Amino acid sequence: MYARNQNILPAPIDHYPFLTPSNTSPETLHLPAVEELVLINCWLTPPTLRNFFSTGNAPNLKRATFNSVSLTANTSVKSLHNDDNDEYILPSTDPSLKWLTTNPLAGSWPDIINTITPGSTIADARYIHGLVSSRPSPPLASHKNLASVHFNSCGYVRLPNLKEFDQSSLPELPLGPPQCLKRRWTELQKGMLDGKEDGLLGTVVPCMRDEEEGALKGVWGFEFGWQGEWEGRGWQCREDGQPEGGSGRFNGSVKRSNDSR
């Protein structure tokens with residue numbers, strides 16, 4: 001009871017001595033023989049995910065799949081995407097394109113995917129919608145063999161026991177057991193897992209900012225909510241005082257483009 005969306009552990013691709021969310025240059029594992037990587041039910045910091053794809057630690061990686069993988073708040077004030085060469089972005093009178101008129105928040109999912117994608121980018125979407133005057137050049141491939149990255153029920157995670165870690169960039173959503181279950185929860189919590197002293201236990205953030213959701217949908221065609229075998233079961237999370245299951249979680253794929261430009 002009251003255990004859904006909680007007690008999430010970090011992905012095992014960091015060297016443990018460097019496994020601190022405040023580390024902006026994490027050292028990730030070297031996996032030279034891995035061609036397909038699947039991560040399940042875990043969290044990563046934005047620099048960890050960026051470094052894994054950009055430092056050549058998995059040079060033969062062709063396909064990555066993230067099943068219920070979450071990002072923490074960004075551990076660096078610097079964007080993970082190099083905007084120095086971005087062309088001037090024309091203003092848009094269409095409110096539905098607001099997410100295209102500014103660069104994504106540093107360390108957010110749109111920022112990270114824009115960095116690691118083997119296919120289309122935010123710059124491509126701006127050109128298609130007429131917000132830049134010239135067609136963007138293809139970005140330098142950060143991972144030459146990567147063909148696709150698949151996302152299933154991915155979003156954000158908060159580390160509630162890590163008080164010194166600035167997580168103000170994550171959206172807030174008050175959570176708690178529903179009134180009808182509060183008495184039962186009070187009685188049972190004495191025998192429940194107490195992870196308050198473990199700073200690396202994460203809790204799902206069941207929401208996402210509108211501009212980020214707009215970018216994920218508009219650029220890469222991602223969908224939100226639980227799908228497949230979990231579709232229709234989201235109401236069960238309400239028993240734990242959570243929003244409907246799949247809230248703030250996205251699904252989709254980015255694939256290598258054949259456009260040579």
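Me: How many cavities of 30 Å³ or more does a search of the whole structure find?
Reply: The search finds 2 of them. Keep in mind that this is a predicted model.

Me: OK, and how much space lies in the largest cavity?
Reply: About 80 Å³. The largest cavity is lined by 13 residues, and the closest to its centre are L105, Y156, S169, L170 and E212.

Me: Which ones are buried in α2?
Reply: W109, P110, D111, I112, I113, N114 and I116.

Me: And what do those buried residues pack against?
Reply: Quite a list. There are the helices α1 (46-54), α3 (122-128) and α5 (210-220), plus the strands β2 (63-71), β3 (148-158) and β6 (250-255).

Me: What about α1, how many of its residues are buried?
Reply: 7 of its 9, so to speak a mostly covered helix. The buried ones are P46, P47, T48, L49, N51, F52 and F53. Their cover includes β1, β2, α2 and β3.

Me: What happens just after α1?
Reply: G56 comes there, with a positive phi of about 75 degrees.

Me: Now the strands. In which sense do β1 and β2 pair?
Reply: Parallel, over 8 bridges, with β1 covering residues 36-44. In that pairing L39 stands opposite F66 in β2.

Me: How many residues are in the largest nonpolar core?
Reply: It has 51 residues. The ones with the most contacts inside it are L39, F53, F66, W109, I113, F151 and F250. Some of these have come up already: W109 and I113 are buried residues of α2, F53 is a buried residue of α1, and L39 and F66 stand opposite each other.

Me: Last one. Which residues is F151 in contact with, leaving aside its neighbours within four places in sequence?
Reply: F66, W109, I113, F222, F250, N251, G252 and V254. Among them, F66, W109, I113 and F250 are also on the list of core residues with the most contacts.

Key. Residues are numbered from 1 along each chain as its sequence is written. This is a predicted model: local features need pLDDT of at least 70, side-chain atom pairs count only at pLDDT 80 or more; totals for chains, interfaces and linings use all residues. Side-chain values use heavy atoms; hydrogens and water are left out. Buried means under 20% relative accessible area, exposed over 50%, partly exposed in between (1.4 Å probe, protein chains only). Helices (H or I, at least four residues) and strands (E, at least two) are DSSP runs, numbered from the N terminus. Contact means heavy atoms within 4.5 Å. A nonpolar core is a set of buried Ala, Val, Leu, Ile, Met, Phe, Trp, Tyr and Cys residues joined through side-chain atoms within 4.5 Å. Two strands pair if DSSP finds at least two bridges between them. On a 1 Å grid over the protein atoms alone, a cavity is a set of points where a 1.4 Å probe fits but cannot get out, and a pocket is an open set with protein on both sides within 12 Å along at least five of seven lines; lining residues have an atom within 4 Å of a point. Grid points are joined across faces, edges and corners, and a volume is the space filled by probe spheres set on the points.
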